[in-house]
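Work through each task first, then compare your steps with the solution.

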Amino acid sequence: MSTTQRIKGFADMFPPESDAFTRMENTGREIFARYGFVELRTPILEFTELFQRSIGEETDVVQKEMYTFPDSRGRLMTLRPEATAGVMRAYAESGLAGREGVSRLFSCGPMFRHERPQKGRLRQFHQINCECLGSASPFADAELISMLLHFFRALRLSGLTLNINSLGCAVCRPHFREALLRYLQSLDPAALCEDCSRRMHTNPLRVLDCKQASCRAVVEGAPRLLDSICPDCAEHFSTVQKLLDRQGHAFALDHRLVRGLDYYCRTTFEVVSSQIGAQTAVAGGGRYDGLVKSLGGPDVPGVGFACGMERLALLLDAPSPAPLDFYLVALEEEGGLQGHALAQTLREAGLRGEMNFSRASWKSLMRQAGKSGARYCLILGPDETARGDIVVKNLESGEQNTLGQDTVCHFLQTGTIHD
Ligand SMILES: [Zn+2]
Ligand SMILES: [Zn+2]
């Protein structure tokens, strides 16, 4: 096998997919800024310990899915499998965490997980992440959810459902965990899949969101988190729902909605689409009070979300690229010199265009101009170059005019010839 192939699970991205990614990033920047978010870019490589501490040793991510390798001094490094841990590290390390007030941070970029490649799942995948740090208020949760829905509306997405749940807190969740474990242990051991039989002892909540049919059936009869959350958590959750109601956001309570990462608490949410196969989550997030502290920073509450960009891209209508304004062909040396300078002038005036550099035959040049999809072909033959003129051919109608080179810019911008 050649060594110059693409690595399995890693993708090259061309238009229209790369255009869709740019659109998501730019729309995100514009919408999130309206809520006071600023962009943070963190490294894609971090010390492995960061993810072990923040995501948790018991998770599939840390146990099986990270790209981890030693550097030349033997220190273990990991390509980030998710964004939140790095953002928290940067937040604590920069001293932002020590200042008063709320920090709202947006980031986007590639993440890496060594999963079995399957349809729609890449080992390098991309996310948009937003984290609101420094507020424990349910208003922060509701604002973040509203912003996410605003972002999706701006991308003109439809057919989306918002699911929410509360995961409780350090006070009430242990009781639920025990009740759930008791329930799971009361079952026929064969009722759960292999993964769940193992993780019911380390992280029984994960059984709730197992995709296996047998486990899904078992979960139907399981105790519900919302029935055992403490009064503080109940009030927090009720306020989040009230705020979403006031804005007219429809949502569903989903008892199976738990997050795979240990640091989530209280509000958790996801947005699912029914447009790509079965219900597929395109964004998920929640509150993670205590995460910054667990990384050695101050005790700062936070809430955030991540959007999977590959999945989101499947939902965007492919934008038809704007056509070029001109396609310039030049004959002979002087035509090339004049054309090169003219094309530059036109672009600096805001027009979009390409110049053909080849010395192909006239017929071939015209064929290439036709294929370019440009609105106009600009032609510089020996007669035009001698007079400072240019032939402007409308590639759709075939109509053609000879203009002065100094008026072609005005013509391309307005469609009218200068008097
Ligand atoms: Zn609680
Ligand atoms: Zn299972």
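A residue is buried if 20 or more other C-beta atoms lie within 10 Å of its own, exposed if 12 or fewer, and partly exposed in between, with C-beta atoms placed from the backbone. The model is predicted, so local features need pLDDT of at least 70 and side-chain atom pairs count only at pLDDT 80 or more, while totals for chains, interfaces and linings use all residues. Residues are numbered from 1 along each chain as its sequence is written, and chains are lettered from A and ligands numbered from 1 in the order in which they are written.

**Exercise 1. Is Ala-83 buried or exposed, and which residues is Ala-83 in contact with?**

Step 1. Helices (H or I, at least four residues) and strands (E, at least two) are DSSP runs, numbered from the N terminus.

Step 2. Count: Ala-83 has 24 C-beta neighbours inside 10 Å and therefore counts as buried.

Step 3. List the contacts, where two residues are in contact if their C-beta atoms, placed from the backbone, lie within 7 Å. Leaving aside neighbours within four places in sequence, Ala-83 touches Ser-107, Met-111, Gln-127, Asn-129 and Ala-306.

**Exercise 2. Work out how many residues of H4 are buried and what covers them.**

Step 1. Eight of the 10 residues of H4 are buried, so the helix is mostly covered. They are Thr-84, Ala-85, Gly-86, Val-87, Met-88, Arg-89, Tyr-91 and Ala-92.

Step 2. The cover includes strand S2 (45–47), H2, strand S5 (103–112), strand S6 (124–133), helix H12 (291–294) and strand S11 (302–308).

Step 3. After H4 comes Gly-95, with a positive phi near 90°.

**Exercise 3. At what angle do H2 and H4 pack, and which residues make the contact?**

Step 1. Axes are lines fitted to C-alpha atoms, for helices over the stretch in contact, and angles run from 0 to 180 degrees between N-to-C directions. For helix H2 (residues 48–55) and helix H4 (residues 84–93) the angle is about 105°, with the axes 9 Å apart.

Step 2. Angles under 35 degrees count as roughly parallel, over 145 as roughly antiparallel, 65 to 115 as roughly perpendicular and the rest as oblique. H2 and H4 are therefore roughly perpendicular to each other.

Step 3. H2 contributes Leu-50, Phe-51, Ser-54 and Ile-55, and H4 contributes Ala-85, Met-88 and Arg-89.

Step 4. Sorted by class, this contact has five nonpolar, one polar and one charged residues. Ala, Val, Leu, Ile, Met, Phe, Trp, Tyr, Cys and Pro count as nonpolar, Asp, Glu, Lys and Arg as charged, and the others, Gly among them, as polar.

**Exercise 4. Describe how H5 packs with H11 and with H1.**

Step 1. The axes of helix H5 (residues 138–154) and helix H11 (residues 231–246) come within 9 Å and cross at roughly 40°, so the two are oblique to each other.

Step 2. In H5, Pro-138, Phe-139, Asp-141, Ala-142 and Ile-145 meet His-236, Thr-239, Val-240, Leu-243 and Leu-244 of H11. By class there are seven nonpolar, two polar and one charged residues.

Step 3. Helix H1 (residues 17–33) packs with H5 at about 135°, with axes 10 Å apart, and the pair is therefore oblique.

Step 4. Thr-27, Gly-28, Ile-31 and Phe-32 of H1 make this contact with Met-147, His-150, Phe-151 and Ala-154 of H5. The classes here are five nonpolar, three polar and no charged residues.

**Exercise 5. Find where Arg-156 and Glu-332 lie, and decide whether each is buried or exposed.**

Step 1. Arg-156 has a positive phi near 60° without being a glycine, and its place is in the loop between H5 and strand S7 (160–166). With 10 C-beta neighbours inside 10 Å, Arg-156 counts as exposed.

Step 2. Glu-332, also not a glycine, has a positive phi of about 65° and lies in helix H14 (residues 332–348). Glu-332 is exposed, because 12 other C-beta atoms are within 10 Å.
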